[in-house]
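Please keep the sequence and the structure in view while reading.

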Amino acid sequence: MAKETVKRVKSSEIELKDRLVGIQRVVKTTKGGRTFSFSAIVVVGNSKGVVGYGLGKSREVTAAIAKGVDDAKKNLVKVPLLKGTIPHLQYGKFGGSRVFLKPASHGTGVIAGGAMRAVLESAGVTDVLAKSQGSSNPHNVVKATMDALLKMRDPITVAQNRGVSLKKVFEG
């Protein structure tokens, strides 16, 4: 199976909303005392299939969030959506985190944990069943969710690659 290319998106073309997933306070002990800094993981998306995540680090919380948003805008990708849900069942993995995404019928809502919920809602998924297993570290859960979303295959593209109709793709 040929590796599918990731669809990169320019942030200047679309209006994005950012969501803060988590802030960690980091302490460095020096001979002069303790130095506090903050790391923030942020997810941005347009709720129409474009999503990205970023990490920002700074001495102040607001600066860390701003850096995270800038980083997220540099890493935007297009993910396939089908009537408000995902096209098919998919697993994703990063570090010790494993995630499982399953399509759901209209009206189900986003059944997912904190870090996964932020990514899926920013991407524009309105109905999905999701489970996070293993490590619950928000950084790894966000990256595992993005891994699962990037592995998704668009049904129209699959139909063209196989040379069959869209209806035939869903029958098999």
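The accessible surface of the protein chain amounts to about 10200 Å², and carbon and sulfur atoms account for 52% of that area. These values, like those that follow, come from a predicted model. Along the principal axes, the C-alpha atoms of the chain occupy a box of roughly 70 × 35 × 35 Å. The chain has 172 residues, of which 38% count as buried.

The secondary structure consists of five helices and eight strands. Read from the N terminus, the elements follow the order β-β-β-α-β-β-β-β-α-β-α-α-α. Contacts also link parts of the chain that lie apart in sequence: among contacts between residues at least 6 apart, 58% join residues at least 24 apart.

Which residues of H1 are buried? They are Ala64, Gly68, Val69 and Ala72. These residues lie on the same side of H1 because they cover an arc of only 140° around the axis. The face turned away from this buried side carries the exposed residues Thr62 and Lys74. As for the partners of the buried residues of H1, they pack against strand E1 (17-30), strand E2 (33-45) and strand E3 (50-58).

The largest nonpolar core contains 25 residues. Within this core, the residues with the most contacts are Val51, Ile86, Leu101, Met116, Val119, Leu120 and Leu149. At least two residues of the core are supplied by each of E2, strand E6 (97-103), helix H2 (114-123), strand E8 (128-134) and helix H3 (138-151). Of these contributions, that of H3 is the most, at six residues.

Leu101 illustrates how such a residue is surrounded. Leaving aside residues up to four places away in sequence, Leu101 touches Ile86, His88, Leu89, Gln90, Met116, Leu120, Leu129, Ala130, Ala148, Leu149 and Met152.

Another core, of seven residues, lies apart from the largest one. Its members include Leu16, Val50, Val69 and Ala72. Two of these names lead back to helix H1, where Val69 and Ala72 belong to the buried residues.

Terms used. Residues numbered from 1 in each chain as written. Predicted model: local features only at pLDDT ≥ 70, side-chain atom pairs only at ≥ 80, totals over all residues. Heavy atoms only, no water. Buried < 20%, exposed > 50% of the residue type's maximum accessible area, 1.4 Å probe, protein only. Helix = DSSP H or I, 4+ residues; strand = E, 2+ residues; numbered from the N terminus. Arc of directions from axis to C-beta. Contact = heavy atoms within 4.5 Å. Core = buried A, V, L, I, M, F, W, Y, C linked by side-chain atoms within 4.5 Å. Areas by Shrake-Rupley, 256 points an atom, 1.4 Å probe, with all protein chains shown as cover.
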